[in-house]
Amino acid sequence: MLNKIPRKDFLKLSLLAGIGVFGTQRNLFEDDFFYQPATNVVYYKKGDAEYDLLRKGFNKRIDKYPAVIALCKNTQGIAEAINYAKQNFLSVTIKSGGHCMEGFSCNNDGMVINLSLLKSIEWIDANTVKIQPACTLSQLYDELLPKKKMIPGGSCAGVGIGGLTLGGGYGLMSRRYGLTCDSLTEVTMVDGNGQIRNSANDPDLLWACKGGGNGNFGVISEMKFKVHDAPATLQSVRFRTHNVTVAKAKSLMQQWFLLTETLPQSAFSAFLLNGKTVYILLTNSEAHTAETKKIIASLSKISETTSTSLPKEISAALKVYYGQTQPVYFKNASAGLYKSFDDIAPFIETVIQTVINTPRMIYQVNTLGGNIQNPDFAAASSFPHRDYIYFSELQTYWEVPSKSEKLIKQFEAVQQIFRQNNIKAQYRNYPDINFENPQELYYGDNYQRLQQLKLKYDPQNLIRGEQSIKV
Ligand SMILES: Cc1cc2nc3c(=O)[nH]c(=O)nc-3n(C[C@H](O)[C@H](O)[C@H](O)COP(=O)(O)OP(=O)(O)OC[C@H]3O[C@@H](n4cnc5c(N)ncnc54)[C@H](O)[C@@H]3O)c2cc1C
C-alpha cells in the first residue's frame, strides 16, 4: 500500500484502466486504497484489496498467485518494475488483455507486470496508429472503423492487441490483409535487463515480435501499425446439419476442405462440430463472385439448412462475433495446423466419434491461407506456419469448477489422438499446457533464431513462464 491520493484523481485512473470489463466483479478502485498518481508504477501484494482483480484473467479455470503485481503507467514504470524484479529475484510474466487461454500472463510467486492502464490509441498519420498493448479489439474497431480504416484482428471483443499481435493474430479479415502481426511496423520494448529498446534500429526485434513475442524477450509497451482501408460490409452465410453420424460428419468435413481450397481472399470459413451438429460459417467482405456463389451453392447442397444475411455494415457485422466478455471456465487449445484434409484423414473418425460422444466438446477448423501466405509477410515475421492453410482448435466450456477435471481429461484424450498421429504445428496464441516440446510446435524452424534473440534481450531469463523460449 502506497501513498494516498485524492479520490477524484484516482477515479480518473480507474476509468483509464477499464478493468470493469469483467462486469460483475467490483471496480478495482472503488475502495479507499488510493495511491500516488505521480509514480510510474504501483506494486500490489497478497492481501491488498486490488490484488485479486489485477491477477485474474479471462479463464476462470486458472488461478495463480504472484508475489507482486506491478501496475505500470508508462514505459518508464515498466523499466522500474523490471529492475525491482531483478533485485528481488522474481521471474516476470506480462498481462495485457488477460485472455491467454492457459493463463500464461500470470504466475505463482513471481512478478506480474500488469499493463491494463496502457490501452491508448494514437493516430500518427492517416495510415499509422500507435497502440498500447492492453487496448482491446472492440476498442480498436470502435476507433478505426468509423474512420473507414482497419487492422485485421480476431473476433472477440476483450482480447488484448498485445498478446494477439505478438503471437500472430488471425480472424475474419486475415485472408484479405494478413495476420495482425503483418501490419505491425514498430515496437518499443523494455528488455529483461530493464533497457528500453525500439525496433526502428533493431529489425530483429520487430521480426521476433511478429509471432514469437509473447512473454519471451521483454515487455512491449507500444506498437505501431499500418492501417488498411476497411471494407464497407461483411456478409455471413451459415449452414447447419443436425444428427450427423461419424461417417456423415467426416464426409461433410472432407467436402468443406475441398471447397474452401478455392475461397477468395475476401472470404473466411469455419467448420464446427458440436455434439451431433455440424455448423459451417462463410463470411465475405466483398460482393460474392461467381466462384464464391458456386462454393455457397455446393455447401448449401450438402447441408440441411442455409441462412444468408444481407451484407451488414462492417462495424455492426464484426460485433456479431464479439462473444462472451465475462470470464468463463473453459479449455480451448490449438489442435493442429493442416495443409489439407489428407493430414487428418487417417484418424479423423476417432476424433469425430469422441466429440460426438462428449457433451460440451467442440472441434473447429478455420481457414488461413490467402494473404497470410504473402512471401513478404513471411520473410518479415517469425510466425512459422504460413504453409498451413487450416487451423484447428478444440474447445470445451462449463459453469462450475467441479466439472473441470472430467472435461479436461476428455479434452486431453482428443489431443492425444492428434499427437499420436504426428500433428505437430500448433498456434502459440492457442497454447496447451500439455503439449510436449511446445516451443518447437509453436515456432517451428524459427525456434533457434528466437533462442539467439532471447539471449540478446533477456540473457538471465527474467521474463519466463511455463512455455516461454528456453535459453
Ligand atoms: C475468447 C477468446 C477469443 C479469441 N479469439 C482469437 C481470435 O479470433 N484470433 C486469434 O488469433 N486469437 C484469438 N484468441 C487468442 C488470443 O490471441 C490470445 O489469447 C492472446 O495471446 C491474448 O492476448 P491478451 O493480451 O488478451 O492476453 P494476455 O493473457 O495478457 O497475454 C497473452 C500472452 O502474451 C504475453 N504478453 C501479453 N502482453 C505482452 C506484452 N506487452 N509484451 C510481451 N508479452 C506480452 C503474455 O505474457 C501471455 O503469454 C482468443 C482468445 C480468447 C480467450
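Author: Domain bounds come from an automatic or database domain assignment. On that basis, the protein chain is divided into domain 1 (7–114), domain 2 (121–230) and domain 3 (233–444). The model is predicted, so local features need pLDDT of at least 70 and side-chain atom pairs count only at pLDDT 80 or more, while totals for chains, interfaces and linings use all residues. Residues are numbered from 1 along each chain as its sequence is written.

Reader: What makes the ligand lie between domain 1 and domain 2?

Author: Domain 1 (7–114) and domain 2 (121–230) both give residues to the shell around the ligand, so the ligand lies between them. A residue is near a molecule if its C-beta atom, placed from the backbone, lies within 6 Å of it. The ligand is surrounded by 35 residues, and the closest are G97, G154, G160, G163 and G215. Of the elements, α5 gives the largest share, five residues.

Reader: How many residues of the shell around the ligand are nonpolar, polar and charged?

Author: The shell has 14 nonpolar, 20 polar and one charged residues. Here Ala, Val, Leu, Ile, Met, Phe, Trp, Tyr, Cys and Pro count as nonpolar, Asp, Glu, Lys and Arg as charged, and the others, Gly among them, as polar.

Reader: Why are β1 and β3 said to stand at the edges of the sheet?

Author: Helices (H or I, at least four residues) and strands (E, at least two) are DSSP runs, numbered from the N terminus, and two strands pair if DSSP finds at least two bridges between them. Four strands form an open sheet with mixed pairing, in the order β1-β2-β4-β3. β1 (41–44) and β3 (92–95) each have a single partner strand, so one side of each is left without a neighbour in the sheet. Four bridges join β1 to β2 (68–72) in the antiparallel sense.

Reader: Why is α11 called roughly antiparallel to α13?

Author: Axes are lines fitted to C-alpha atoms, for helices over the stretch in contact, and angles run from 0 to 180 degrees between N-to-C directions. Angles under 35 degrees count as roughly parallel, over 145 as roughly antiparallel, 65 to 115 as roughly perpendicular and the rest as oblique. Helix α11 (348–357) and helix α13 (404–420) pack at about 175 degrees, their axes 10 Å apart. That angle makes α11 roughly antiparallel to α13.

Reader: Which residues make the contact between α11 and α13?

Author: T350, V351 and T354 of α11 meet A413, V414 and I417 of α13; residues are in contact if their C-beta atoms, placed from the backbone, lie within 7 Å.

How values were computed: Contact = placed C-beta atoms within 7 Å.
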